[in-house]
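Visitor: I have a structure to go through with you. Can we take it one question at a time?

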Amino acid sequence: MGSWLIFFLTISSLLCLSPISHAARPTPEYSPDPIKAVNLGGWLVAEGWITPDLFDNIPVNKDLLDGTQIQVKSVTQNNYLSAQNGGGSTIIANQPSASTWETFKLWRITETTFQFRVLNWQFFGIDDNGNLVATSTSSDDSDSSHTFFIVRKDDEPNRIRIKAPNGSFLQVNSDATVTADYTENTNWGDDDPSVFIVTNVYQLKGEFQVTNGYGPNISSSVMTKHWNSFIVEDDFKFLSDNGLNAVRIPVGWWIRFDQNPPRPFVGGSLQVLDNAFSWAEKYNIKVIIDIHAMPSSQNGWEHSGTRDGLQSWGQTDDSIDQSVVVVDFLASRYANKPSLYAIELINEPLAPGVDLDSLKKYYKAGYDTVRKYSNVFVIMSNRLSISDPTELIQFASSFSGSVVDVHYYNLFSNIFEGMSVQQNIDYIYNNRASTLSSLMVSNGPLIFVGEWVDDMDVNNASKDDYQRFGSAQLDVYGRATFGWSYWTLKAAQNEWSLEWMITNGYINV
């Protein structure tokens with residue numbers, strides 16, 4: 001996202017957004033009753049699968065958002081554009097089938113202009129001879145030399161032409177070279193070398209995509225409407241009435257720049273978080289602030305605020321320093337709010353992109369920063385894709401009031417494919433229970449199952465099946481010394497909406 005001037009804006013940002021309190025709170029009891037919590041996912045950090053309407057209503061090219069992966073095939077040669085060796089040289093159209101070299105990630109500059117990024121992260125450009133190349137590893141939105149205009153056929157939108165920065169259209173020549181020298185005129189026929197078929201392979205749908213998708217003129221009003229309607233005060237009353245006593249609220253790193261965060265993010269979510277604390281206090285609900293999206297992305301997934309899936313958080317001291325400033329801002333602002341129960345320093349850092357030493361360095365700095373203002377719990381998320389789930393236990397044991405967060409889903413792995421309902425239940429009582437037990441050591445950190453869901457990779461599961469599977473998880477995860485948090489309160493898919501599951505009798509917490 002550019003040269004990251006963010007860190008140098010720290011002082012002015014903190015002056016503009018004065019904290020609610022800088023006073024440290026009394027030391028809490030570090031052997032609490034385990035909490036029963038729910039995540040407020042899709043609220044202050046957007047996720048398209050949770051709120052699909054938010055993305056479906058993007059007015060122009062909603063299928064071509066930042067990070068969308070596309071493949072482009074010449075209609076005359078019937079071959080795909082290909083970045084040889086993944087990038088670093090010319091783009092040619094010589095592949096009859098598409099794989100990683102033929103898959104490009106978009107940067108959306110405007111509704112109709114885009115930059116294309118290849119496998120090895122170079123950008124499309126035109127060399128001095130008019131050839132399409134991918135040699136530059138850096139770009140920004142104002143770089144016209146990497147910006148291309150996509151023209152779509154009105155009645156067949158997957159049929160496109162691509163206007164290059166030099167004003168001419170790309171065409172595929174008989175020798176498979178791709179040059180920017182075709183005229184404006186077209187009949188859109190299969191004999192036109194400037195016509196391509198575009199295939200949408202994969203889309204990211206996160207905060208970056210939705211705000212940049214709507215654009216600077218309307219994204220602020222769209223997001224404000226979403227924030228003020230998706231989660232409201234009555235939802236906190238619902239939690240209190242149904243046996244839940246805490247919320248885990250995902251926020252993005254850009255919240256500390258409210259009202260004017262770096263583009264394309266928009267301001268206003270900080271006031272909404274303030275409202276959440278007021279509602280939580282009214283209904284005796286504890287609040288966990290979860291820094292869900294990190295600068296430079298900790299896992300490359302849409303919920304991390306990434307533009308195109310590049311994961312680089314923790315690979316430089318700069319990204320760690322920026323993150324500590326976010327912790328400082330949140331801890332100082334909410335330190336004296338009675339509902340503040342914990343601050344989670346990062347969500348789901350993904351190995352091996354995030355190495356353990358960098359993560360520990362950040363955890364130490366983040367913990368010390370929270371302690372400047374408050375003695376609330378400090379949550380340290382386990383890395384994903386690790387072989388040893390205990391890798392943080394000894395480290396975290398040296399920090400008073402520390403919590404290690406683990407996320408458990410009987411999904412997203414081929415080991416769950418083909419399992420019956422009973423096998424999923426057995427996995428909870430055997431594998432999950434055993435892993436949890438290994439984490440809970442004498443004088444160690446508290447353990448938090450920060451995300452789980454009553455869903456499994458089973459077709460046509462009945463209500464009774466979900467009740468039994470949910471009950472098993474409540475039983476086992478209820479043993480976690482810090483407690484658990486369901487993902488999430490509201491979602492388009494019923495099983496992922498705790499509100500729906502409770503209302504319809506699938507779960508009783």
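**Loops, helices and a pocket**

Guide: This is a predicted model. Start with a loop: serine 385 lies between β17 (377-381) and α9 (393-396).

Visitor: What is phi of serine 385 near?

Guide: Most residues other than glycine have a negative phi. Serine 385 is not glycine, yet its phi is positive. The value is near 65°.

Visitor: Which residue does a cis peptide bond join to arginine 263?

Guide: Most peptide bonds are trans. This one is cis, with omega about 10°.

Visitor: Where is threonine 488 found?

Guide: A cis peptide bond joins threonine 488 to tryptophan 487, and omega is about 10°. Threonine 488 belongs to the loop between β20 (483-486) and α12 (498-503).

Visitor: Now the helices. Are α6 and α7 roughly parallel or oblique to each other?

Guide: Helix α6 covers residues 269-282 and helix α7 residues 317-334. Their axes come within 12 Å and cross at roughly 40°. Angles under 35 degrees count as roughly parallel, and 65 to 115 as roughly perpendicular. The α6 and α7 pair is therefore oblique.

Visitor: What is the hand of the crossing where α6 passes α7?

Guide: Two packed helices are described by the angle between their axes and the distance between the axes. For α6 passing α7, the crossing is right-handed.

Visitor: How many nonpolar residues are in the contact of α6 with α7?

Guide: From α6 come Leu270, Leu273, Asp274 and Phe277. They meet Phe329, Leu330, Arg333 and Tyr334 in α7. By class, this contact has two charged residues, no polar ones, and nonpolar residues numbering six.

Visitor: Why are α10 and α11 described as roughly parallel?

Guide: Helix α11 spans residues 463-477, and its axis lies 10 Å from that of α10. Angles under 35 degrees count as roughly parallel. The two helices are therefore roughly parallel, as they pack at an angle of about 5°.

Visitor: How do the residues of the contact of α10 with α11 divide by class?

Guide: The α10 side includes Val421, Ile425, Ile428 and Arg432. The α11 side includes Asp465, Arg468, Phe469 and Ala472. The division is ten nonpolar, three polar and four charged.

Visitor: Which element gives the most to the lining of the largest pocket?

Guide: The largest pocket has a volume of about 1200 Å³. β18 (402-407) and α10 (421-439) each supply at least two lining residues. The most, four residues, comes from α10.

Visitor: Which residues lie nearest the centre of the largest pocket?

Guide: The lining has 19 nonpolar, 18 polar and eleven charged residues. It holds 48 residues. Nearest the centre are Trp301, Glu348, Leu384, Tyr409 and Phe412.

Technical notes
Residues are numbered from 1 along each chain as its sequence is written. This is a predicted model: local features need pLDDT of at least 70, side-chain atom pairs count only at pLDDT 80 or more; totals for chains, interfaces and linings use all residues. Side-chain values use heavy atoms; hydrogens and water are left out. Axes are lines fitted to C-alpha atoms, for helices over the stretch in contact, and angles run from 0 to 180 degrees between N-to-C directions. Angles under 35 degrees count as roughly parallel, over 145 as roughly antiparallel, 65 to 115 as roughly perpendicular and the rest as oblique. A crossing is left-handed if the near helix is turned anticlockwise from the far one by less than a right angle, and right-handed if clockwise. Contact means heavy atoms within 4.5 Å. Ala, Val, Leu, Ile, Met, Phe, Trp, Tyr, Cys and Pro count as nonpolar, Asp, Glu, Lys and Arg as charged, and the others, Gly among them, as polar. On a 1 Å grid over the protein atoms alone, a cavity is a set of points where a 1.4 Å probe fits but cannot get out, and a pocket is an open set with protein on both sides within 12 Å along at least five of seven lines; lining residues have an atom within 4 Å of a point. Grid points are joined across faces, edges and corners, and a volume is the space filled by probe spheres set on the points.
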